[in-house]
Amino acid sequence: MAFTNPRPDPRGSDPACYKAAEGLRARIWRPRRPAHPHLTGARAILLLIDNSQGLLVGGLSLAFLILSLGIHEAAHAWVAYRCGDSTAKDLGRMTLDPFPHIDPVMTILVPAVLYFSSGFMFGGAKPVPVQYHRLRHPLRDMMLVAIAGPISNFLLAMLFLSIMKGLVY
């Protein structure tokens, strides 16, 4: 008959290591084995140095995120300008520079909290100001302004995918 302790062992032992001995409940503690016993000391450091493709992929992903932030918002602003609304251009938001588009909460805080808590990252930028009544054909033009950002994301994804395929694989 196996005995499991309702309180976890602070040393990290496995509940399967608890056993009953001769009708008495006795606890046998065994230390955990390391996940990779062959990766100790210098071998682990060499493995990290050898994993340069992971660093390259991470660097390319970060570059993709920074560039796509500016290009996505600039695409919205450019289409709105072409359709007759110069509000984004007047406010200095029709630029590829990502800094005018950064929102402290949605661009920095939310992605950082999500990444460190769950490993998943999601965020956003300041929305480009568009005044509906200044567009020439408001219904059609708002649709074009709205779809410009996702189309730029798709085109950037294809571009960066081809770059990554050429450099990494």
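Helices here are DSSP runs of H or I with at least four residues, strands are runs of E with at least two, and both are numbered from the N terminus. The model is a predicted one, in which local features need pLDDT of at least 70, side-chain atom pairs count only at pLDDT 80 or more, and totals for chains, interfaces and linings use all residues. Numbering starts from 1 along each chain as its sequence is written, and side-chain values use heavy atoms, with hydrogens and water left out.

Helix 4 itself covers residues 104–118 and spans 20 Å from its first C-alpha to its last, close to the expected 21 Å (1.5 Å times one less than the number of residues). Along the way there is a kink of about 25° at Val-110, shortly before Pro-111; the bend is the angle between axes fitted to the seven residues ending at a residue and the seven starting there.

Stepping back, the protein chain holds 5 helices and 2 strands, in the order β-β-α-α-α-α-α from the N terminus. Of its 169 residues, 21% are buried, meaning under 20% relative accessible area with a 1.4 Å probe, protein chains only.

The largest nonpolar core consists of 7 residues: Ala-75, Val-79, Ala-80, Cys-83, Leu-135, Val-145 and Ala-148. Such a core is a set of buried Ala, Val, Leu, Ile, Met, Phe, Trp, Tyr and Cys residues joined through side-chain atoms within 4.5 Å. Helix 2 (52–82) and helix 5 (138–167) each give two or more residues to this core, and helix 2 gives the most, with 3.

Definitions and conventions. Buried < 20%, exposed > 50% of the residue type's maximum accessible area, 1.4 Å probe, protein only.
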